[in-house]
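Reader: Could we go through this structure together? I would like to begin with what counts as a contact.

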Amino acid sequence: MKKLTLFLNLFCFSLVLMAQSQAPRYVFLEHFTNSRCSICASRNPAFYNTIDDYPTQIHHISIHPPVPYSNCVFYLANTQENSAWAGWYNIFGTPRVALNGTLIPAGNPLLPVATLQNALNQTSNLHLKVEESGSGANRTATVRVYTLGAIPAGNYKLFAAVAEKKINLQTPNGEPVHHDVFRDMLPDMNGQNFTPAAQGNFAEFTFNYTLAAGWNADEIYVLAFVKNMGTGEVLNSGTKFDPVFTSVQEQAVQNVNIWPNPATGRALVQLPSQEIAEAVELFDLSGRAVRAPFTQSSSTLELALDGLSGGVYLIKITGKSGVYQGKLVKQ
């Protein structure tokens, strides 16, 4: 019994450490395109089809440099900042895509599936939480940047890009819909000087801005990101649309009810209302991970136990809103 109690305590402590040290790292895609570019029109649809399969793991923004056509309607709406952003990557032609701050070689497709998949399901020691408020033309975006682990020394800046999520407009290259169109940078293209907070704390920034004529107020949002200006790497990004991630100050491992317990062929686990399980892990008393397939109906998980030997198992469930644990006895 003492061995079991010690293991449970160590297991719970390790879950807290894991919860505090990891946050989802969103794949940050900077998409350079042009509303008069016929090659853009031919390659962009496949690009959008690729990223549409990962709506909760990707942040995308489209920038419109003056190449190959300086009379692109979206470039003309903000010539200085579209040019400056493209200048970070020495963009001389469109379309191009940068992933997490690294420009992908030009080609067709714009974003190879293998390249994207290699960047998915990564973690970061920074977590960005974006909250927006305001009415009419006056808006406020509050960005909290949580430090969850060690951040390498570097020249970091925080950027808050105002984007228009969807624009229905038939442009000369034939594209009828334009996604995540860059409108303005807060505070400006020089960015906000940023020093990561001490581990376990956060830095908070507030940006006030005014909607410009021609923007659709219902489609405007802010995409914030932290960039290492020395290497170009984007450490992480955030928007108000992101699934809930409980910060280091708020993260807690919650116990769950399991029944029947002891169990034989199956066990049911009750999660909080509307919680969605993203991963279920079982560990035996030696700490070895074992496999137990699961299905979810509403907020109840059903675990298939037929493949498990009899004994005591610890369950870790990672949901969209938190981390959960429990002890299961398999007969």
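Author: Contact means heavy atoms within 4.5 Å. This is a predicted model, in which local features need pLDDT of at least 70 and side-chain atom pairs count only at pLDDT 80 or more, while totals for chains, interfaces and linings use all residues. Residues are numbered from 1 along each chain as its sequence is written, and side-chain values use heavy atoms, with hydrogens and water left out.

Reader: Which residues is Glu275 in contact with, leaving aside its neighbours within four places in sequence?

Author: Glu275 is in contact with Gln296, Ser298, Gly319, Lys320, Ser321, Gly322 and Tyr324, once neighbours within four places in sequence are left aside.

Reader: And where is Glu275 placed?

Author: Glu275 is in the loop between β17 (266–270) and β18 (277–283). Helices (H or I, at least four residues) and strands (E, at least two) are DSSP runs, numbered from the N terminus.

Reader: Does Glu275 count as buried or exposed?

Author: Glu275 counts as buried, because its relative accessibility is 4%. Buried means under 20% relative accessible area, exposed over 50%, and partly exposed in between, with a 1.4 Å probe and protein chains only.

Reader: Let us turn to Asn173. Where is its place?

Author: Asn173 is in the loop between β9 (156–168) and β10 (177–186). Asn173 is buried, because its relative accessible area is 13%.

Reader: What does the side chain of Asn173 make a polar contact with?

Author: The partner is the side chain of Thr171, at 2.8 Å. A polar contact is a pair of N or O atoms within 3.5 Å; within protein, one must be able to donate a hydrogen and the other to accept it, and residues adjacent in sequence count only if both atoms are side-chain atoms. Leaving aside neighbours within four places in sequence, Asn173 is also in contact with Asn34, Ser35, Arg36, Cys37, Ser38, Cys40 and Ala41.

Reader: Next, the cavities. How many are there of 30 Å³ or more?

Author: The count comes to one cavity of 30 Å³ or more, and the largest cavity has a volume of about 50 Å³. On a 1 Å grid over the protein atoms alone, a cavity is a set of points where a 1.4 Å probe fits but cannot get out, and a pocket is an open set with protein on both sides within 12 Å along at least five of seven lines; lining residues have an atom within 4 Å of a point. Grid points are joined across faces, edges and corners, and a volume is the space filled by probe spheres set on the points.

Reader: Which element gives the largest share of the lining of that largest cavity?

Author: β10 does, with four residues. The lining includes Asn34, Ser35, His64, His178 and His179. By class, the lining has three nonpolar, eight polar and one charged residues. Here Ala, Val, Leu, Ile, Met, Phe, Trp, Tyr, Cys and Pro count as nonpolar, Asp, Glu, Lys and Arg as charged, and the others, Gly among them, as polar.

Reader: What volume has the second largest pocket?

Author: Its volume is about 440 Å³. The second largest pocket is lined by 19 residues, of which Pro55, Ile58, His60, Lys165 and Asp180 lie nearest its centre.
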